[in-house]
Amino acid sequence: MGRRLLIGMYFVEILKAKGTLRQDVRDNIFSSIKSIHSVNQTLLIHLENGYFGRGFDQFCPQLHHYNSYADNIYNSSKVLGVQMKKNKAFRRFKNECLSVVSGPDEEEQSLQTVQMKKNKAFRRFKNECLSVVSGPDEEEQSLQTVQMKKNKAFRRFKKLQEARPEFKGCKLEDLLQLPVQRIEQYKHFLQDLTENTSPDNPEFQQLSRSRSPAVKLRLNSVDEGSKDDVREWETS
């Protein structure tokens, strides 16, 4: 559980304070990890005090945070990848814009004319290209400069935080997989705990509720959701 706390401390909170990434980008990358940490902290307190039944009885209704997180794993990886590459992509885009207005030959010009008539999106794209090359106004230029600096700052920040000894050489991409990996451990732990608890134990009913078909279904859906996202990532 410690490394989830560290993700919140060394990534989420600092990125928020620095403003390196917009809130929507942070939410796409880290999803419900703060809620998951809060739920796990409560569970940990119960387990440390020997209240296993009570701990899991309160934990299981909060599994929707894990469902949301697992459903977002693929999107999280994609957004993180975009933020790491965005700077290069912008420079490449700008070079492509320059080539568009450098003077196409007659055939290219004819094709562009046809495309301009057919496709509003293409017209908008070309106008954007022209505006980039013709020289953005001071406000646009300032925004572009800020975005270029922010992406570079995020890459530098990510590398610096990953080098912390607390993360033991793990990259952020690996750390973001921890919550869904923990669910599989919980499933086995809860099964073993229930099977080895006497029906006479006061916590037996609470543990049994945590092993109900509805809870099993939700636990399995978290696991399957993460596997589906991995398959989608591998085939994309």
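Modeller: Gladly; we will go through confidence, then a helix pair, then salt bridges.

Colleague: What is the mean pLDDT of the protein chain?

Modeller: Keep in mind that this is a predicted model. The protein chain has a mean pLDDT of 75, with 61% of its residues at 70 or more. Over residues 129-136 the pLDDT is below 50, and this stretch has 10 contacts in the model beyond near neighbours in sequence. For residues 229-236 pLDDT also stays under 50, and here the model has 10 contacts beyond four places in sequence.

Colleague: Now the helices. At what angle do the axes of helix 3 and helix 4 cross?

Modeller: Two packed helices are described by the angle and the distance between their axes. Here the axes of helix 3 (residues 33-48) and helix 4 (residues 52-59) cross at roughly 165 degrees and come within 8 Å. The two helices are therefore roughly antiparallel to each other. The crossing of helix 3 past helix 4 is right-handed.

Colleague: Which residues in helix 3 and helix 4 meet?

Modeller: From helix 3 come V39, N40, T42, L43, H46 and L47, and they meet F52, R54, G55, F56, Q58 and F59 in helix 4. The residues of this contact divide into 6 nonpolar, 5 polar and 1 charged.

Colleague: And how many salt bridges does the structure hold?

Modeller: There are 6 salt bridges. One of them joins the side chains of K34 and E13, at 2.8 Å from N to O. K34 lies in helix 3 and E13 in helix 1 (residues 2-18), so this pair ties together parts 21 residues apart in sequence.

Notes: Residues are numbered from 1 along each chain as its sequence is written. This is a predicted model: local features need pLDDT of at least 70, side-chain atom pairs count only at pLDDT 80 or more; totals for chains, interfaces and linings use all residues. Side-chain values use heavy atoms; hydrogens and water are left out. Axes are lines fitted to C-alpha atoms, for helices over the stretch in contact, and angles run from 0 to 180 degrees between N-to-C directions. Helices (H or I, at least four residues) and strands (E, at least two) are DSSP runs, numbered from the N terminus. Angles under 35 degrees count as roughly parallel, over 145 as roughly antiparallel, 65 to 115 as roughly perpendicular and the rest as oblique. A crossing is left-handed if the near helix is turned anticlockwise from the far one by less than a right angle, and right-handed if clockwise. Contact means heavy atoms within 4.5 Å. Ala, Val, Leu, Ile, Met, Phe, Trp, Tyr, Cys and Pro count as nonpolar, Asp, Glu, Lys and Arg as charged, and the others, Gly among them, as polar. pLDDT is the predictor's confidence in each residue, from 0 to 100. A salt bridge is a side-chain nitrogen of Lys or Arg within 4 Å of a carboxyl oxygen of Asp or Glu.
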